[in-house]
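Please open the structure in your viewer and keep the selection panel at hand. The tour goes from one selection to the next.

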Amino acid sequence: MRNGLEKLEQKDYKEKLDAGARPQLIFFTAEWSEPCRQMQGVIEQLALECYDAADFYLADLDDQPLIAADFKIANVPALSVCRGGRELERVVGVRAYPDLKKDLAKYI
């Protein structure tokens, strides 16, 4: 786990997501993306503050391309909100912490 975010791996991500009863937030990112670097701190802050309400995951497009393909991720940064392996909502682009927290309040 890195800064409240658990890295998803292609070998077992479906089992992790399917088994989860709590909301799951998957941060899709890429190291080469400046907007992703901007969002990294926002997502880490959210994960540390809301760790007791949801599970937070990290999926790098270059390291885990099959996960991104399964979720049809075309743009990063993207945050997918799931429960039981089913996507409920997706937030794409850079957001300020207060705005993102407000947008996700119904889940966490």
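Which side chain meets that of K16 in a salt bridge? Select E6: its side chain and that of K16 form the bridge, at 2.3 Å from N to O, where a salt bridge is a side-chain nitrogen of Lys or Arg within 4 Å of a carboxyl oxygen of Asp or Glu. The pair links distant parts of the chain, with K16 in helix 1 (residues 13-19) and E6 in strand 1 (residues 6-7), 10 residues apart; helices (H or I, at least four residues) and strands (E, at least two) are DSSP runs, numbered from the N terminus.

This is a predicted model, in which local features need pLDDT of at least 70 and side-chain atom pairs count only at pLDDT 80 or more, while totals for chains, interfaces and linings use all residues. Residues are numbered from 1 along each chain as its sequence is written, and side-chain values use heavy atoms, with hydrogens and water left out.

Next, select R37 and E34, which form a salt bridge whose closest N and O atoms are 2.8 Å apart; the two are separated by about one helical turn because they lie three residues apart in helix 2.

Then move to Q64, in the loop between strand 3 and helix 3 (65-70). Q64 counts as buried, at 5% relative accessibility (buried means under 20% relative accessible area, exposed over 50%, partly exposed in between, with a 1.4 Å probe and protein chains only). Leaving aside neighbours within four places in sequence, Q64 is in contact (heavy atoms within 4.5 Å) with K7, L8, E9 and Q10.
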